[in-house]
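The sequence and the model are shown first, and the discussion follows.

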Amino acid sequence: MLRQTFLYCFGIAAVIVGVINVINFLTMRHEEPGYGVAGPLVWEASSWVSLMAFYWIPWVVWRLAPPTVRPRWKLLAHFPGVAIFVLAHVYGFVQIRTFLYWLGGDHYNYGPFFPHFLYEFSKDGLGYVVIVFGYTLVEHLLRNRAPSTAPGPIQIFDIRDGAKLTRVRLDDVLAVASAGNYVEFVLSDGRRLMMRSPLSALETELSPRGFLRTHRSWLVNPARMTALKPEGSGDYEVELGPLKVPLSRRFPDALARLRGA
């Protein structure tokens with residue numbers, strides 16, 4: 001889902017920013033015909049290429065501090081984030097323009113740095129905010145896509161331990177814990193069944209069925225959550241009936257999913 005969120009937002013931003021650049025180009029051609037075609041074309045195209053090349057910067061900061069993050073002080077990460085994003089965008093298009101002007105036998109002059117940078121900061125700062133909230137909105141929409149109204153089949157999982165096989169319903173599984181070279185399935189009836197497998201392999205298999213990684217050693221079934229309690233420093237405790245499972249602050253997506261469950 002995270003990959004889809006980034007790709008959807010990247011595509012939408014590429015189109016919207018591209019349209020804005022085309023409008024700017026046509027406006028300059030109409031209001032300042034003395035600029036010719038090459039200058040405005042290079043300026044707008046280089047700005048688009050540079051912005052899309054550094055589109056990953058707000059993504060990285062958003063992953064570290066989404067608007068729903070707790071504690072709220074983590075949102076301060078967006079202040080250096082927006083500064084780095086604007087600097088990277090400006091540096092990128094200046095380098096592109098300098099190179100293209102050099103190819104054309106000319107010299108590009110950015111002009112006084114601070115006045116121009118403050119102007120770019122006002123535009124890119126707003127763009128950064130829109131990008132971050134765009135990630136949040138798209139991720140929320142993808143996470144809450146309406147499921148089919150038709151009842152699905154009962155999901156069954158085979159727990160294998162050597163020659164022994166135990167077939168269980170996934171909705172009876174509270175959580176799966178790492179136990180060395182094994183994983184332990186904790187069931188709602190109190191049973192704990194072992195299976196030789198790395199937890200990462202179970203995460204790959206069970207994530208499409210709704211299970212969430214909340215800790216390096218735990219997968220949980222969100223449908224069986226009965227309480228979510230803050231533990232301080234951004235960590236939480238997930239209660240699944242009688243079972244208590246840690247939720248590390250390193251898994252903000254799991255926290256967002258569980259809050260929306």
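Is E203 buried, exposed or partly exposed? The model is a predicted one. In this model E203 has a relative accessible area of 25%, and it is therefore partly exposed.

**Salt bridges**

E203 takes part in a salt bridge with R213, in which the closest N and O atoms are 2.6 Å apart. R213 belongs to strand 6 (residues 212–215) and E203 to helix 6 (residues 199–206), so the pair ties together parts that are 10 residues apart in sequence. R213 counts as buried because its relative accessibility is 17%, and the cut-off for that class is under 20%. In general terms, side chains of opposite charge can pair when their charged atoms come close.

The count of salt bridges in the model comes to 10. The table lists some of them.

| Salt bridge | Closest N and O atoms |
|---|---|
| R213 and E203 | 2.6 Å |
| R192 and E184 | 3.1 Å |
| D158 and R160 | 3.9 Å |

R192 is partly exposed, its relative accessibility being 45%. R160 is likewise assigned to the partly exposed class, because its relative accessible area is 46%. The bridge between D158 and R160 belongs to a network of salt bridges that also includes R167.

**The hairpin of strands 1 and 2**

Strand 1 (residues 156–161) and strand 2 (residues 164–169) run antiparallel and are joined by six bridges. I159 has T166 in strand 2 as its bridge partner. Two residues lie between the strands of this hairpin, and G162 takes a positive phi near 70°. In a regular strand the side chains alternate between the two faces of the sheet.

Five bridges connect strand 8 to strand 9 (residues 235–240) in the antiparallel sense. P230 stands opposite Y236, a residue of strand 9.

**Aromatic pairs**

How many aromatic pairs does the model contain? The count comes to 17. One of them joins F6 and W59 in an edge-to-face arrangement, with 5.2 Å from centre to centre and 70° between the planes. F6 lies in helix 1 and W59 in helix 3 (residues 56–64), so this pair ties together parts that are 53 residues apart in sequence. F6 has a relative accessible area of 21% and is therefore partly exposed, whereas W59, at 15% relative accessibility, counts as buried.

W59 also pairs with Y135, again edge-to-face, with the ring centres 5.0 Å apart and 75° between the planes. This second pair links distant parts of the chain, since W59 is in helix 3 and Y135 in helix 5 (residues 113–143), 76 residues apart. Both W59 and Y135 are buried. Through ring pairs, F6, F10, Y55, W59, W62 and Y135 are linked into a cluster.

Which residues form a nonpolar patch on the surface with about 380 Å² of accessible area together? The patch is made up of Y8, I12, I16 and I20. I16 lies in helix 1 (residues 2–31). Because its relative accessibility is 48%, I16 counts as partly exposed.

Q95 is a residue of helix 4 (residues 78–103). With a relative accessible area of 38%, Q95 is partly exposed. Q95 and A65 are 30 residues apart along the chain, and their C-alpha atoms are separated by 30 Å.

**Summary**

W59 in helix 3 pairs with F6 in helix 1 and with Y135 in helix 5. The nonpolar patch of Y8, I12, I16 and I20 lies on the surface.

How values were computed. Residues numbered from 1 in each chain as written. Predicted model: local features only at pLDDT ≥ 70, side-chain atom pairs only at ≥ 80, totals over all residues. Heavy atoms only, no water. Patch = residues over 30% accessible without salt bridge, like charges linked within 9 Å, V, L, I, M, F, W, Y side chains within 5 Å. Areas by Shrake-Rupley, 256 points an atom, 1.4 Å probe, with all protein chains shown as cover. Salt bridge = Lys/Arg side-chain N within 4 Å of Asp/Glu carboxyl O. Helix = DSSP H or I, 4+ residues; strand = E, 2+ residues; numbered from the N terminus. Buried < 20%, exposed > 50% of the residue type's maximum accessible area, 1.4 Å probe, protein only. Phe/Tyr/Trp six-rings, centres within 6.5 Å; stacked < 30°, edge-to-face > 60°. Pairing = 2+ DSSP bridges.
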